[in-house]
Amino acid sequence: MNKHKLWIGSISAAVLLGGSAVAASSSVNGQSVQTTPSSTSQSVTQDQSSTGKLLTGAQAKAAALKAAEGKVDDIDLERRNGQTFYEVEIDRKGSNDVVVRLDAYTGKILAVVDDEDYDDDDDYNYNGSATSTSNQSAAKQVKLTEAQASAIALKQVTGGKVTEIELDHDDGRYVYEIEIRTADGEADVDVDANTGKVLSFDQDFDDED
């Protein structure tokens, strides 16, 4: 009887003494459970260039006009230092023209620069050492057809029509260079002939005096 009572007493003591330990380490049924508050610095950002969807020229235009009122004169898709962005030139009456730079995937405004101070000497230009090849022979080495590339390019503009398409071999890859006529002007779109990725986009707007 004394041994039995002593054993029960030991259990009671263990419960009393171990209560705080359970609260600290949350030991349940002999298994340790982490109770440390989960980190508030969990990674919630993702690389938009790999998971997001590229904004169209019309969407880039609308976002830029929210940052600076005026008339859009030109839109360029640029890639530099691992970042993809649109540069939108805006004419403003009564004040200096500006260039609005915005993230090509999120639409976030990166900068609004006075056109007179803007220097695009280090802009990405997709030209490289272009080597023209015949469309007929090159078409056998690419996955996309002209029709498929045209459809991708037309998504960048509103109400456009393809006026010219050419398949070139630039910088070690095949590229469809597509010219589009729009109601507002003209656009040039370069599309990777194998992946369908839009490599460059340039839209010029007709002057409306």
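The legends below describe close-up views of side-chain contacts in a predicted model. Local features are given where pLDDT is at least 70 and side-chain atom pairs only at pLDDT 80 or more, while totals for chains, interfaces and linings use all residues. Residues are numbered from 1 along each chain as its sequence is written, and side-chain values use heavy atoms, with hydrogens and water left out.

**View 1. The aromatic pair of Y86 and F201.** The structure holds 1 aromatic pair (ring centres of Phe, Tyr or the six-membered ring of Trp within 6.5 Å; planes under 30 degrees apart stacked, over 60 edge-to-face, the rest tilted). Y86 lies in strand 4 (residues 83–91) and F201 in strand 11 (residues 198–205), 115 residues apart; strands are DSSP runs of E, at least two residues long, numbered from the N terminus. Y86 is buried at 0% relative accessibility, and F201 is buried at 1% (buried means under 20% relative accessible area, exposed over 50%, partly exposed in between; 1.4 Å probe, protein chains only).

**View 2. The salt bridge of E87 and R101.** The side chains of E87 and R101 come to 2.4 Å, N to O, in one of 4 salt bridges (a side-chain nitrogen of Lys or Arg within 4 Å of a carboxyl oxygen of Asp or Glu). E87 is buried at 4%, whereas R101 is partly exposed at 23%.

**View 3. The salt bridge of E186 and R181.** These two side chains meet at 3.7 Å, N to O, and salt bridges with shared partners join R181, E186 and D206 into one network.

Note on methods: Helices (H or I, at least four residues) and strands (E, at least two) are DSSP runs, numbered from the N terminus.
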